[in-house]
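Good morning, and thank you for joining.

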Amino acid sequence: MLFKALERDANNVDALQGLANLRIMRARDSEAIELLEKVVKVIKSKDNEEDFATLPPYDFRLQTSRLLIELQNYKSAVRPLDTLIKEDDTKAEVWYLLAFCHYNLRKYQNAAE
């Protein structure tokens, strides 16, 4: 099903994330990172500060960030987390994950903020 969805639309973020999750379960981390980076690229292309409706759903972006963090790909996880903060800056988990990424990227000042 995931492959059929990607055949129809190579930028189908749901299929990309689902396939990445399967790759993680099978310890094929480099393939998972590649797929999740495609998701981040789609998020970047649709990021418009004025209209969050163009972005994938909030929970989807949060899960994408969690998967990237699990794969220790902190740099790629920052972008979806930034969109989440712009949309709703009251979620403690998002702030924690963003600080965790900055800390692991050795951007200590950003982590402290």
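First, the basis of the work. This is a predicted model, in which local features need pLDDT of at least 70 and side-chain atom pairs count only at pLDDT 80 or more, while totals for chains, interfaces and linings use all residues. Residues are numbered from 1 along each chain as its sequence is written, and side-chain values use heavy atoms, with hydrogens and water left out.

Let me start with the fold. The chain has seven helices and zero strands, so that helices and strands here are DSSP runs (helices H or I, at least four residues; strands E, at least two), numbered from the N terminus. The pattern along the sequence is α-α-α-α-α-α-α. The C-alpha trace spans about 45 × 35 × 20 Å along its principal axes. For 113 residues, a compact globule would have a radius of gyration near 13 Å, and the 14 Å of this chain agrees with that; the radius is taken over C-alpha atoms, and the globule rule is 2.2 Å times the number of residues to the power 0.38. Buried residues make up 40% of the 113, where buried means under 20% relative accessible area, exposed over 50%, and partly exposed in between (1.4 Å probe, protein chains only). Of the contacts with a separation of 6 or more, 50% join residues 24 or more positions apart; contact means heavy atoms within 4.5 Å.

Helix α2 (residues 13-25) and helix α3 (residues 29-46) have axes that come within 8 Å and cross at roughly 160 degrees. That makes α2 roughly antiparallel to α3. Axes are lines fitted to C-alpha atoms, for helices over the stretch in contact, and angles run from 0 to 180 degrees between N-to-C directions. Angles under 35 degrees count as roughly parallel, over 145 as roughly antiparallel, 65 to 115 as roughly perpendicular and the rest as oblique. The crossing of α2 and α3 is left-handed, meaning that the near helix is turned anticlockwise from the far one by less than a right angle; clockwise would be right-handed. Residues of α2 in this contact include Leu16, Leu19 and Ile24, which meet residues of α3 including Leu35, Leu36 and Val39. By class, the contact has ten nonpolar, one polar and four charged residues. Ala, Val, Leu, Ile, Met, Phe, Trp, Tyr, Cys and Pro count as nonpolar, Asp, Glu, Lys and Arg as charged, and the others, Gly among them, as polar.

The second pair is α5 (residues 74-87) with α6 (residues 92-104), packed at about 150 degrees with axes 9 Å apart. These helices are therefore roughly antiparallel to each other. Among the contributors are Tyr74, Leu81 and Ile85 of α5, and Trp95, Leu98 and Phe100 of α6. This contact has twelve nonpolar, two polar and one charged residues. The crossing of α5 and α6 is left-handed.

Finally, the individual residues. Where does arginine 79 lie? Arginine 79 is found in helix α5. At 31% relative accessibility, arginine 79 counts as partly exposed. Arginine 79 touches Val40, Lys44 and Asp47, leaving aside residues up to four places away in sequence. Its C-alpha is 8.2 Å from that of isoleucine 43, although arginine 79 and isoleucine 43 are 36 residues apart in sequence.

Alanine 27, in the loop between α2 and α3, has a positive phi of about 60 degrees although it is not a glycine. Alanine 27 is exposed, at 63% relative accessible area.
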